[in-house]
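Here are some notes to read alongside the model.

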Amino acid sequence: MAEVYQRFSSAIFMFIVFISFFILASVLVRKFLSQADMGLAWTSRIPLFLCLFGIATTFGLTVMVPFTIIADGLLLNYPDNAYITWLSRDMIYRLWTYIYISTNISIFILL
């Protein structure tokens, strides 16, 4: 049961993080779009979505290195703290796996 909980919590955490990075990428890209580009047709929205997916994956990859270092330090210094019991090394490895898979999807399939 604990394994199912770990997998489910890491998937939910990664989904929330990816959605937040996707929204951040959307705000960043829309800041640089001109007013003429704001009324894009559906054929132009698909490449925009693929670009946003690639940017969100890049944000996730960039943030994972400091997150891993900080999380590992917290786990070593405070192993029994109630506030960080949801964090485990298995969850960090799964997050790296999700980032690796989404990076490969972004590079080799979508882009």
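What percentage of the 111 residues in the protein is buried? Buried residues make up 28% of them, where buried means under 20% relative accessible area, exposed over 50% and partly exposed in between (1.4 Å probe, protein chains only).

1. Ground rules. This is a predicted model, so local features need pLDDT of at least 70 and side-chain atom pairs count only at pLDDT 80 or more, while totals for chains, interfaces and linings use all residues. Residues are numbered from 1 along each chain as its sequence is written, and side-chain values use heavy atoms, with hydrogens and water left out.

2. Overall layout. The protein has three helices and zero strands, and its pattern along the sequence reads α-α-α. Helices (H or I, at least four residues) and strands (E, at least two) are DSSP runs, numbered from the N terminus. Of the contacts in the protein with a separation of 6 or more, 77% are between residues 24 or more positions apart; contact means heavy atoms within 4.5 Å.

3. Surface. The accessible surface comes to about 7,800 Å², and 73% of that belongs to carbon and sulfur atoms. Areas come from the Shrake-Rupley method with a 1.4 Å probe, and for residues only the protein chains shown count as cover. Phe8, Ile12, Phe15, Ile16, Ile19, Ile23 and Val27 make a nonpolar surface patch of about 700 Å². One of these, Ile23, is found in helix 1. For the patch rule, residues need over 30% relative accessible area and no salt bridge; like charges are joined within 9 Å, and nonpolar side chains (Val, Leu, Ile, Met, Phe, Trp, Tyr) within 5 Å. A salt bridge is a side-chain nitrogen of Lys or Arg within 4 Å of a carboxyl oxygen of Asp or Glu.

4. The largest core. Which residues form the largest nonpolar core? It has seven: Phe21, Phe22, Ala25, Val29, Leu48, Leu52 and Ala56. The elements giving two or more residues to this core are helix 1 (2–32) and helix 2 (42–77), and helix 1 gives the most, with four. Apart from this core lies another, of five residues, among them Met64, Met91, Leu95 and Ile99. A nonpolar core here is a set of buried Ala, Val, Leu, Ile, Met, Phe, Trp, Tyr and Cys residues joined through side-chain atoms within 4.5 Å.

5. Phe21 lies in helix 1 and counts as buried because its relative accessible area is 14%. Leaving out residues up to four places away in sequence, Phe21 touches Ala56, Phe59, Gly60 and Val63. Phe21 and Ala56 are 35 residues apart in sequence, yet 5.0 Å apart in space, C-alpha to C-alpha.

6. Thr57. This residue of helix 2 is buried, at 4% relative accessibility. Beyond its neighbours within four places in sequence, Thr57 is in contact with Phe18, Ile99, Ser102, Thr103 and Ser106. Thr57 and Ile101 are 44 residues apart in sequence and 9.8 Å apart in space, C-alpha to C-alpha.

7. The buried residues of helix 3 are Met91, Ile92, Arg94, Leu95, Ile99, Ser102, Thr103 and Ser106.

8. Is Arg94 buried or exposed? Arg94 is buried, with a relative accessible area of 14%, and beyond four places in sequence it is in contact with Glu3, Gln6, Arg7 and Ser10. Arg89, also found in helix 3, is partly exposed at 36% relative accessibility. With neighbours within four places left aside, Arg89 is in contact with Asp72, Leu75 and Leu76.

9. Ile84 is found in the loop between helix 2 and helix 3 and counts as buried, at 13% relative accessibility. Its contacts beyond four places in sequence are Leu74, Leu75 and Tyr78. Ile84 and Leu74 are 10 residues apart in sequence and 7.9 Å apart in space, C-alpha to C-alpha.
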